[in-house]
Structure formats: structure tokens, C-alpha cells
Amino acid sequence: VTIKLFDLAGAEPDRRFSPYCWRTKLALAHKGLTVETIPWRFSDTDAIEMSGQRRVPVLLDGDKVVSDSWTIAEYLEDTYQHRPFLFGSAEARAPTRFINSWADTVVNGALVRLLLTDIYAHLHEKDRRYFRESREKRFGMPLEEVSADRDTRVVGFRQSLEPARIILAAQPYLAGGRPLYADYILFGCFMWARSISSFRVLTSDDPIYSWRERMLDNLSALARKAPGYSE
Ligand SMILES: N[C@@H](CCC(=O)N[C@@H](CS)C(=O)NCC(=O)O)C(=O)O
């Protein structure tokens, strides 16, 4: 059976920009598992109804339906134990989960404010109204206002990455000498940015920038080959 993945797409079906879907695609490639990705738009809620929730990624593996990128990572690790480890060891799972919650809250929370209008610009027509309404409600202001001050706001974003910068100045990957799921988590955030925006979120003298370059080339340059922008 081929694994299938519902993967958030923009107007162009091959523009895949969800940070969470990127984590899953990189995890599958790390495990050497082939996947058929299905382009999914925000308004395609019926297509993932069987998952009992309304967000992607949603993974189909035989008769198994798994949603939420963290749950999927654990599922892949536990189901495909004979494949390369995603977490490194049983003990590494908990600190990796901390990186997951840091990326979801601090990193993605700051990035969305920098990227919101670029995301909107790449959406499929059928998603625009829902996206504008739901995000303007969430931020309490027009989309365009949310990212209007991004040239100044990006400075704080870069500072907030200091925990990753310190470790990446000392070793090539968050996980150590080779990339593991910890790296795919944070890298997924940058793939979100790269897929839909030419805005410069990192400076080229940043150790995180060099790490991102290495990550783009790993796994047969899966990420670098995907439609996106280079800053
Ligand atoms: N905690 C979830 C978050 C998934 C998520 O928020 N996905 C977004 C796409 S990036 C989504 O499907 N949003 C649907 C919506 O906003 O209606 C995970 O890690 O998979």
C-alpha cells in the first residue's frame, strides 16, 4: 500500500506551504517511505472528514488515518521501527516534543505575522474569503495591517531564534551530527516561508542560515526542488 498525505496547496497544486505538512514529508523521506501527496485546500474539509478534524497533515496508511504532525511522527517511528530513527532514542522523544511546541508557538507565531499577506497572495481563489475572514478575526485587524511592520518586526523574530542559533553554532544539526525530526520541525517553519515569500527572514551570516542551506540539500534536495523563493 502506498502512503497518502493530504498536503496544503496554494493556487498552483504543486505549491505546498504548510510547515506541519513539511515536517511530515521530511519524516517520510527520512524513513525512506514513498508517499503520494494529495493537494488540499482550506475549503476541502469534506476530503479529510474521516480524520475527525479539519486540519492537515492527514496521513492514510492502509486503513489507518492519522492527523496532527506530531502524532504522525510518533506513528511513523512506532510503525516503521526497522527504518532510520526519527527521534534518535526513546529518551529523545520528549525533548523533541519540546522543540515541537517551541516551533508551533514562538516560531510560527512570529512568522505568521511576517508572512500573512504573502500567504494570502498564493491561495487558491476558493480559499481566499475563508482565509481573510478567519485570520482577520484572529488578529483583530485587516490582513495587510498584520504584516505592514514586518521590516522592523523581523528583528525581534531573529532574536527569538537565539536558542537554535546557539546550538547550531556549535554543531551542524539540532539533533547533532545528522538531521533528525528535531531538525525537520524547525526547518518546516522555514519551508513555509520559502514556499510563499521572498521576504528575508534570516541574514546570511546567521548559523541558522547555513543550517537551512544544509537542510535544503538533505534527502536528495527534496526541499530545495519544491516550488518556492530563494531570499
Ligand atoms: N497541530 C497541527 C497543526 C496543523 C495545522 O494547523 N494545519 C493548518 C495548515 S498549516 C490547517 O490545516 N489549517 C486549517 C484551517 O486553518 O482551517 C499539526 O501539527 O499538524
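**Note on the predicted chain**

1. Leaving aside neighbours within four places in sequence, Phe85 is in contact with His30, Lys31, Glu77 and Leu180, where contact means heavy atoms within 4.5 Å. Phe85 is found in the loop between α2 and α3. From Phe85 to Arg129 there are 44 residues in sequence, and the two lie 41 Å apart in space, C-alpha to C-alpha.

2. On the source: this is a predicted model, in which local features need pLDDT of at least 70 and side-chain atom pairs count only at pLDDT 80 or more, while totals for chains, interfaces and linings use all residues. Residues are numbered from 1 along each chain as its sequence is written, and side-chain values use heavy atoms, with hydrogens and water left out.

3. The chain has 9 helices and 4 strands. Helices (H or I, at least four residues) and strands (E, at least two) are DSSP runs, numbered from the N terminus. Along the sequence, their order is β-α-β-β-β-α-α-α-α-α-α-α-α.

4. What does the radius of gyration of the chain agree with? For 231 residues, a compact globule would have a value near 17 Å, and the chain, with 17 Å, agrees with this. The radius is taken over C-alpha atoms, and the globule rule is 2.2 Å times the number of residues to the power 0.38. The C-alpha trace spans about 50 × 45 × 30 Å along its principal axes.

5. Of the 231 residues in the chain, 49% are buried. Buried means under 20% relative accessible area, exposed means over 50%, and partly exposed lies in between (1.4 Å probe, protein chains only). Among contacts between residues at least 6 apart in sequence, 70% join residues at least 24 apart.

6. Arg16 is located in the loop between β1 (3-8) and α1 (19-30). Is Arg16 buried or exposed? Arg16 counts as buried because its relative accessibility is 13%. Not counting residues up to four places away in sequence, Arg16 touches Asp7, Leu8, Ala9, Trp22, Lys25, Thr37, Pro39 and Ser195.

7. Helix α6 (residues 150-160) has the buried residues Arg150, Val154, Phe157 and Arg158. Seen down the axis of α6, these buried residues fall within an arc of 95°, so they line one face of the helix. The arc is that of the directions from the helix axis to the C-beta atoms. The cover over the buried residues of α6 includes α3 (93-122), α7 (162-170) and α8 (181-196). On the face turned away from the buried side, α6 carries the exposed residues Thr152 and Gln159.

8. Some backbone angles deserve attention. Most residues other than glycine have a negative phi, and most peptide bonds are trans. The peptide bond from Val56 to Pro57, however, is cis, with omega near 10°. Pro57 lies in the loop between β2 (35-40) and β3 (58-61).

9. Asp68, a residue other than glycine, has a positive phi, near 80°. Asp68 lies in the loop between β4 (64-67) and α2 (69-79), and Asp68 is partly exposed, with a relative accessible area of 43%.

10. Leu219 is not a glycine, yet it has a positive phi of about 50°. Where does Leu219 lie? Leu219 lies in helix α9 (residues 207-221). With a relative accessible area of 28%, Leu219 is partly exposed.
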